[in-house]
Amino acid sequence: MAAHRKPRQRSLGGNTARTAVTLALAGAATATAFEGTGNAEPQLTPAQVKAKVDKLYQEAETATQRYDGAKERTEATQRRLNSLQDEAARRQQRLNTARDALGSVAAAQYRDGAIDPSWQLALSSDPDRYLDGAALAERVDDRQAGAVARVREQLREIEQLRGAARVELKSLRSRQAEVRRHKQTVTAKLAEARELLARLTPPERTWITGDAAGHASRSTSGARAALAQAGSVPSGPRAAAAVAYAYQKLGSPYVWGATGPNAFDCSGLVQAAYRSAGISLPRTTYAQINAGRRVSRSQLQPGDLVFFYSGISHVGIYIGAGRMIHAPNPSAPVRVAPVDEMPFAGATRVT
């Protein structure tokens, strides 16, 4: 009978129980680790962050130029609309005056009773005087007919103006929507760049963005010394004035869409610098590159505009010795930089 007894089961106690618990916890930890590895974002190196941030800044700059262009077109459309509305109001006032005059004539005729001319002649005590008056009345009627024709023409012109204003208003709303789209793109790109930079340590962020404050404070004397040493001469007095303005703005913050006097984006700085020299330049890099005479890189002189990237999305002002002053991006103020730090796309001389 003893051979058929059921074997007694051993309890999990002591070392055996501890071993089982340890193995279970280890398995759970391993599973959690694998799960976390699958869901967590890979840790980027500072060099990878720099590459992504640089790309985001370039994309934001491209969107900024589109925003600047759309904003400029929107403002021009608004000016045309205002002009049309003002002209329509002026013509409406003249029309109201003409209508009032016609109304006075019509009221006078009604009061006179519009008696048939043959009866007026028969009843008149002075036929000769009446005939003179009838001739005058015919001339007055002719003038009235002309006045009516002019009123009709004024009505037609006012309706044309209002039609043109409706077209401009529709265009304005479309351009305003375009501005909003580009603004959303810019802000999204810049927010993503800020988020990436926030993950880094302060020394890593400095390595990526550069010592912006120190660079800006040392730029003026260093750049002027390099310019003098290279013997570079601006292409003209206006170019010299534009370069001088750019020097004065070293250290100013980059703000997309800004044209000064205290903050700039890249094309805004160029536009402001030449505006101070008495030259009106277009707002965007795409238009600025065609605002003057193209020059090769080997022919560069201080004051020339230097453009970068295949989409012509960035611009600076050449100052000589292979360097330029530009508004880089939100991580750095207006500063001096080598021309070869970005892909060179072309240059223009506007004086």
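Colleague: Which ring does Arg297 lie over, and at what distance from the ring centre?
Modeller: This is a predicted model, in which local features need pLDDT of at least 70 and side-chain atom pairs count only at pLDDT 80 or more, while totals for chains, interfaces and linings use all residues. Residues are numbered from 1 along each chain as its sequence is written, and side-chain values use heavy atoms, with hydrogens and water left out. A charge is taken to sit over a ring if NZ of Lys or CZ of Arg is within 6 Å of the ring centre and within 35 degrees of the ring normal. Arg297 lies over the face of Phe344, and its distance from the ring centre is 5.0 Å.

Colleague: What kind of pair do the rings of Tyr67 and Trp256 form?
Modeller: Rings of Phe, Tyr and Trp (its six-membered ring) pair if their centres lie within 6.5 Å, with planes under 30 degrees apart counted as stacked, over 60 as edge-to-face and the rest as tilted. The whole structure holds three aromatic pairs by this search. The centres of Tyr67 and Trp256 are 4.7 Å apart and the planes stand at 75°, so the pair is edge-to-face.

Colleague: How many residues apart in sequence are the parts that Tyr67 and Trp256 tie together?
Modeller: Helices (H or I, at least four residues) and strands (E, at least two) are DSSP runs, numbered from the N terminus. Tyr67 belongs to helix α2 and Trp256 to the loop between α7 and α8 (266–276), so the separation of the parts in sequence, in residues, is 189.

Colleague: Is Thr64 buried or exposed?
Modeller: Thr64 has its place in helix α2 (residues 46–112). Taking contact as heavy atoms within 4.5 Å, and not counting residues up to four places away in sequence, Thr64 touches Val186, Tyr254, Trp256, Gly257 and Asp265. Residues under 20% relative accessible area are called buried, those over 50% exposed and those in between partly exposed (1.4 Å probe, protein chains only). The relative accessibility of Thr64 is 1%, and therefore this residue counts as buried.

Colleague: Which strands stand at the edges of the sheet?
Modeller: Two strands are said to pair if DSSP finds at least two bridges between them. The open sheet has six strands in the order β1-β6-β2-β3-β4-β5, with antiparallel pairing. Two of its strands have a single partner each, so one side of each is left without a neighbour in the sheet, and these edge strands are β1 (293–295) and β5 (335–338).

Colleague: Which residue in β5 stands opposite Met324?
Modeller: Strand β4 (residues 323–326) is joined to β5 by four bridges, and the two run antiparallel. β4 is also joined to β3, by three bridges and again antiparallel, where Met324 is the bridge partner of Tyr318. On the β5 side, the residue opposite Met324 is Ala337.
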